[in-house]
Amino acid sequence: MIRFEKVYKRYNDTDVVSNFTLEIKKGEFFVLIGPSGSGKTTTLKMINQLIDLTQGYIRIEGKPISDFNLQELRWNIGYVLQQIALFPNMTVEENILIVPEMKKWSKEKMNERVVELLESVNLDPEKYRNRRISELSGGEQQRIGVVRALAADPDIILMDEPFSALDPITRSSLQQDVLKLQRKFEKTVVFVTHDMQEAVDLGDRICLMNKGRIEQVGTAEDILEHPANDFVQQFLQTGLPHYQKESVVQDMIDAGYYQNEPQASSAHLTSQSPIKELTISLSEYEAVSISNQPDTKTYTITRADLIHFLAQEAVASKAGDQR
Ligand code: ADP
Ligand code: MG
């Protein structure tokens, strides 16, 4: 329902967003991720026309954003920022009701909405609605920032690194709240982060950007299982310290570390067995036979094959460290 068609944003001859084409589905939790300066904020702000695009189209439900009345567009797109943009001297309720007031909702409807929203983020309405923003903790303020974006029931919510200034515990609880709210109210969320763990935890799909361009779009699983290129691979390795695709016997076979001649062996593994298991088997036996999948061939892997494979990997990773 939000469609980018060959979108460019140019500042003085420099493309900060370049040939950007993709479609964000209705009800999707869509994450834009990339290093600092990769064009995430610019892309997000072009959706609600806080930034004008230089070339191309952005359509919402088929209609180019330039055809929308600007006020209507902004009212119907919620926006949450990292640095809390609440009014510190106004109460929680007044902050939440800014857009509903402009839309001239009835007192009764506004009252119900405040109660519903505060309860949805576990803040007791009676305790919180009349407090001033300046009397709240950072985490509470950010909760108000989130529900305020939802207040007038927009279809789309844009969030620009909304949780990056919060401590890890507050952050993770707000992430859960936002996911719950998004599912409950069936909103389309476009969420910017530079944190791969956050992207994996929240995104239905993730778009990885670099220098204004799309490197890869897909589910977390797609991207983790099949990184499109070296940039993506590198980004995953730095961004997810615990991410490491486990090597399996098939990787050795693909790299040519095996014997064709069968050897007498009482150890058997499959091509999908982890290398760790192979190592354990080879500590006991000279050779292991690998029964195989489609081609029904049986390979043999010897201790020497394993050592040569590991040596080759060690050399490759050392070269990677020096880069
Ligand atoms: P991100 O949110 O991914 O960190 P931004 O979208 O904020 O990146 O910025 C992308 C690039 O555009 C950066 O190199 C930034 O310096 C540049 N940029 C942003 N705003 C302007 C501007 N008003 N004039 C010139 N360059 C800008
Ligand atoms: Mg940014």
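**Reading strands and burial**

Reply: Start with β3: this strand and β8 (residues 188–193) pair in the parallel sense over 5 bridges. The model is predicted: local features need pLDDT of at least 70, side-chain atom pairs count only at pLDDT 80 or more, and totals for chains, interfaces and linings use all residues. Residues are numbered from 1 along each chain as its sequence is written, chains are lettered from A and ligands numbered from 1 in the order in which they are written, and side-chain values use heavy atoms, leaving out hydrogens and water.

Me: What counts as a strand, and what counts as pairing?

Reply: Helices (H or I, at least four residues) and strands (E, at least two) are DSSP runs, numbered from the N terminus. Two strands pair if DSSP finds at least two bridges between them. Strands of a sheet pair through backbone hydrogen bonds, either parallel or antiparallel.

Me: Which residues stand opposite Phe 30 in β8 and in β9?

Reply: Val 190 in β8. In β9, the partner is Arg 205. β9 (residues 205–210) runs parallel to β3, with 4 bridges.

Me: How many residues of β3 are buried?

Reply: Buried means under 20% relative accessible area, exposed over 50%, partly exposed in between (1.4 Å probe, protein chains only). In β3 (residues 29–33), 5 of 5 residues are buried. Phe 29, Val 31 and Ile 33 cover one side, Phe 30 and Leu 32 the other.

Me: Why is helix α1 largely enclosed?

Reply: 6 of the 8 residues of α1 (residues 40–47) are buried, so the rest of the structure largely encloses this helix. Among them are Leu 44 and Ile 47.
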